[in-house]
Structures are given as structure tokens and as C-alpha cells.
Amino acid sequence: MAETRTVAVLVGSLRDASYNLKMAKALDGLAPPTLRLARIEIGKLAFYDEDLEANPPPEWIAFRDAVRAADAVLFVTPEYNRSVPGVLKNAIDVGSRPYGKSVWNGKPGAVMTVSPGGIGGFGANHHLRQSLVFLNVPAMQQPEAYVGGAAALFDEAGTIANDGTREFLAKFMQAFAAWIETILGGPR
Ligand code: FNR
């Protein structure tokens, strides 16, 4: 039987009514049972400042430990000005240091961008992928997930009513589960 894998989920929006947060919650119910999705908070991380490394803030330590403990990482993020929101970039930077101790190194990853706009956060998706190349996070190539029209996607309870979208999201998570096994060398 396939092993259970813990996936750290980082949401690139801090607002309560975030579509990306809704998406991360919806993915919980659409992922195969072999994936355990664990959302990790990034909103309280102090801005990266190398001077703090002598005595790192407890939030940095807890964040690094949580990502390190996960088998894989899933980014669910909006696009800000055609790029990655600062809060998510900061979390990525915090996890990448001290030099040589990056918590990202070698972890299988996947990227989903969610936007009310028509192009589904394409710019943020690919800017994020650029950082993942440097961080040695093997990011799943296919299927890509640029989710547009987010304002019409969720009902009051945060459920995705559209069957086609739900099917696509379930396939995305199945592909990610297979990708994790490919990278970590488990069963296919
Ligand atoms: C945006 N938004 C946005 N949308 C987009 O598709 N491309 C973009 O470049 C931007 N830029 C942008 C910058 C800033 C500073 C904000 C606050 C917003 C709109 C954005 O997609 C929208 O606010 C989403 O609802 C944000 O995601 P959450 O919070 O709903 O997850």
C-alpha cells in the first residue's frame, strides 16, 4: 500500500476571505487519501534579515521545522502585480537560509495560482517556478494550474460547485501524489 505523504501547503494570501485559502481547503477534500495536507502559516514571519540569524525569531524556527518535517510542498497563491506576493516570497526566503540549510532542498513541489482574473495568475506561477529552480525544488510540470474566474468558483460553504473544475483539481492532486513518489523514489 502507498505510504502517506505529508504535504506542506503554503497559501500566498493572508485575508480571511481569500480565494486561495478557499482553494487550499477544497484541495483537502479532493486529494487522494495518501496525501495529508498541512497548511503552514506564513503571515507572522518577520521580514528576512540576515542579522537575525544569530538569534532567529521563534516563528522562523517553527516555520523551518514544519517545512522540514513535510515530504513535499504545495504553493497555492494569488498573483500580485504579475508576480509572487511579498508575504510568500518572504516565507520562501526565510526557509532558504542559513546558507546550506535550506528546508526546500530536494522536496517535490507543485504550484497552483488562483485569481479572479482571466489568466489565472500565470505570471506569479512562473516567477515562483523560477525561485524553485534555484532552491532545487523539483516542481511538477503537468498539469499546470492557472485557476481563473475565482470569484464564481466557490459557494457560501467554500465548495466548488463546478464538476469539471473539481475533476481537474482531483487529477492535479493525483498527479502530484505520483510526482512525489517519482521524486522520493517510492511506489508508482
Ligand atoms: C492584485 N490582484 C491581481 N490579480 C491578478 O490576476 N494579477 C495581478 O497582477 C494582480 N495584482 C494585484 C496586486 C495587489 C497588491 C492586490 C491586492 C491584488 C487581484 C487579486 O488576484 C485578488 O485580489 C485576489 O482575490 C487575491 O487573492 P486572494 O486573497 O483572494 O486569495
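## Exercises on a predicted model

In this predicted model, the shell around the ligand is formed by Ser-13, Arg-15, Ser-18, Tyr-19, Asn-20, Pro-78, Glu-79, Tyr-80, Asn-81, Arg-82, Ser-115 and Pro-116.

### Exercise 1

Solution. 
- Step 1. A polar contact needs a pair of N or O atoms within 3.5 Å.
- Step 2. Ser-18 has a side-chain N or O atom 2.6 Å from an oxygen atom of the ligand. For Asn-20, the side-chain N or O atom is 2.7 Å from an oxygen atom of the ligand.
- Step 3. With Glu-79 the ligand atom is a nitrogen, and a polar side-chain atom of Glu-79 lies 2.6 Å from it.
- Step 4. On its own the ligand has 610 Å² of accessible area, and the protein covers 71% of this.

### Exercise 2

Determine how helix α1 is oriented relative to helix α5, and list the residues in their contact.

Solution. 
- Step 1. Helix α1 spans residues 19–30 and helix α5 spans residues 163–184; their axes come within 9 Å and cross at roughly 75°.
- Step 2. Angles of 65 to 115 degrees count as roughly perpendicular, and α1 and α5 are therefore roughly perpendicular to each other.
- Step 3. From α1 the contact takes Met-23, Leu-27 and Leu-30; from α5 it takes Arg-166, Leu-169, Ala-170 and Met-173.
- Step 4. By class, this contact of α1 with α5 has six nonpolar residues, no polar residues and one charged residue.

### Exercise 3

Carry out the analysis for α2 and α3.

Solution. 
- Step 1. Helix α2 (residues 58–69) packs against helix α3 (residues 86–96) at an angle of about 80°, and the axes are 9 Å apart.
- Step 2. That angle makes α2 roughly perpendicular to α3.
- Step 3. In α2, Trp-60, Phe-63 and Arg-64 meet Ala-91, Val-94 and Gly-95 of α3.
- Step 4. The class count for α2 with α3 is four nonpolar, one polar and one charged.

### Exercise 4

Locate cis peptide bonds and a non-glycine residue with positive phi.

Solution. 
- Step 1. Most residues other than glycine have a negative phi, and most peptide bonds are trans.
- Step 2. Arg-97 and Pro-98 are joined by a cis peptide bond with omega about 0°. Pro-98 sits in the loop between α3 and β4 (109–114).
- Step 3. Gln-142 and Pro-143 are also joined by a cis peptide bond, with omega about 0°. Pro-143 belongs to the loop between α4 (122–134) and β5 (146–147).
- Step 4. Asn-81 has a positive phi, near 50°. Asn-81 lies in the loop between β3 (72–77) and α3, and Asn-81 is also one of the residues surrounding the ligand.

How values were computed
Residues are numbered from 1 along each chain as its sequence is written. This is a predicted model: local features need pLDDT of at least 70, side-chain atom pairs count only at pLDDT 80 or more; totals for chains, interfaces and linings use all residues. Side-chain values use heavy atoms; hydrogens and water are left out. Axes are lines fitted to C-alpha atoms, for helices over the stretch in contact, and angles run from 0 to 180 degrees between N-to-C directions. Helices (H or I, at least four residues) and strands (E, at least two) are DSSP runs, numbered from the N terminus. Angles under 35 degrees count as roughly parallel, over 145 as roughly antiparallel, 65 to 115 as roughly perpendicular and the rest as oblique. Contact means heavy atoms within 4.5 Å. Ala, Val, Leu, Ile, Met, Phe, Trp, Tyr, Cys and Pro count as nonpolar, Asp, Glu, Lys and Arg as charged, and the others, Gly among them, as polar. A residue is near a molecule or strand if one of its heavy atoms lies within 4 Å of it. A polar contact is a pair of N or O atoms within 3.5 Å; within protein, one must be able to donate a hydrogen and the other to accept it, and residues adjacent in sequence count only if both atoms are side-chain atoms. Accessible areas come from the Shrake-Rupley method with a 1.4 Å probe; for residues, only the protein chains shown count as cover.
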